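Thanks for coming, everyone. Let me put the sequence and the structure up, and then we will walk through the contacts.

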Amino acid sequence: MRKPSRFMPKYKLQRPSILSWSVLLLLIASYCYVLYQLPMVFGTVTVIGAIYSAILDRNRKARLTTLAALRSNESICSFSKSFNAREVDTWVIRAVYEQLQNYLQSTYPQFPIRADDQLNGCLLNDPDDLDLDLAKEISIRTGRSLKNAKDNPYYANLTTVRDLVLFFNAQPVAN
């Protein structure tokens, strides 16, 4: 018998490699060089980008705070009740919920996620975050493979959290 999902191991962050640090150092050096060469243009672009990013972050936090106030009594229990536990693996349900919680931690700790929340419009800042970070983390936690993900019937329609759960549920178990 499989262990209950509450005993599923947490995702462990991997330490950055020397190559990652080298690339980061190269990017910082390039930024400083361009800033030195074109201080007015690049400085202005940097300030405008920082202001724009701060405004988007403030608006997102306000939207999440409003939604969280409406969902004050919800938790992973109400989220999991949105799925039929006989058809959907409980490890997938928990992993998706907890990894999205982890992603939202910097903006809004313990945000009550619903199955029908829009991924791109509501929860994720950047759709690439799903491809690059969240999918890998969920895959590792659930033991599901991401090979041949494009063959999955839910691949083209990942718009809600429910779709994400059903996508991973349809993925084969990794060896």
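**Side chains that hold parts together**

Start with E74, which is partly exposed at 25% relative accessibility. Here is the scale: buried means under 20% relative accessible area, exposed means over 50%, and partly exposed is in between, with a 1.4 Å probe and protein chains only.

Before going further, the ground rules. This is a predicted model, where local features need pLDDT of at least 70, side-chain atom pairs count only at pLDDT 80 or more, and totals for chains, interfaces and linings use all residues. Residues are numbered from 1 along each chain as its sequence is written, and side-chain values use heavy atoms, with hydrogens and water left out.

Back to E74. Which residue does E74 meet in a salt bridge? The partner is R114, at 2.6 Å from N to O. A salt bridge here is a side-chain nitrogen of Lys or Arg within 4 Å of a carboxyl oxygen of Asp or Glu. R114 sits in the loop between helix 4 and helix 5, and E74 in the loop between helix 2 and helix 3, so this pair ties together parts 40 residues apart in sequence. Helices, by the way, are DSSP runs of H or I with at least four residues, strands are runs of E with at least two, and both are numbered from the N terminus. R114 is partly exposed too, at 35%.

How many salt bridges does the whole structure hold? The search finds six. Let me take some of them.

Next, D89 and R144. Their side chains form a salt bridge of 3.0 Å, N to O. D89 is in the loop between helix 3 and helix 4, R144 is in the loop between helix 6 and helix 7, and 55 residues separate them. Are they buried or exposed? Both D89 and R144 are buried.

Then R162 and D116. Their closest N and O atoms are 3.3 Å apart, which makes a salt bridge. R162 belongs to helix 7 and D116 to the loop between helix 4 and helix 5, so the pair ties together parts 46 residues apart in sequence. R162 is partly exposed at 23%. D116 is exposed, at 53%. There is a network as well: salt bridges with shared partners join R94, E98 and R141.

Stay with R162, please. R162 also lies over the face of F83, 5.1 Å from the ring centre. The rule for that is NZ of Lys or CZ of Arg within 6 Å of the ring centre and within 35 degrees of the ring normal.

That brings us to the rings. The structure holds five aromatic pairs. Rings of Phe, Tyr and Trp (its six-membered ring) pair if their centres lie within 6.5 Å; planes under 30 degrees apart are stacked, over 60 edge-to-face, and the rest tilted.

One of the pairs is Y31 with F42: the centres are 5.2 Å apart and the planes at 55 degrees, so the pair is tilted. Y31 lies in helix 1 (residues 18–37) and F42 in helix 2 (residues 39–70), so parts 11 residues apart in sequence are tied together. Y31 is partly exposed at 33%. F42 is partly exposed at 25%.

Now F79 and F83. Their ring centres are 5.4 Å apart with planes at 65 degrees, so this pair is edge-to-face. F79 is buried at 1%, and F83 is buried at 9%. Ring pairs link F79, F83 and Y97 into a cluster.

Next stop, D117. Where is D117? In the loop between helix 4 and helix 5. D117 is buried, at 6%. Its side chain makes a polar contact of 2.6 Å with that of R71. A polar contact is a pair of N or O atoms within 3.5 Å; within protein, one must be able to donate a hydrogen and the other to accept it, and residues adjacent in sequence count only if both atoms are side-chain atoms. Beyond neighbours within four places in sequence, D117 is in contact (heavy atoms within 4.5 Å) with R71, F111, P112, L123, T159, T160 and V161.

V161 takes us to helix 7, residues 161–170. The buried residues of helix 7 are V161, D163, L164, V165, F167 and F168. What covers them? The cover includes helix 3 (76–80), helix 4 (90–104), helix 5 (119–123) and helix 6 (127–142).

Last, the cysteines. A disulfide is a pair of cysteine sulfur atoms within 2.5 Å, and by this rule the count is zero. C32 is partly exposed at 44%. C77 is partly exposed at 46%.
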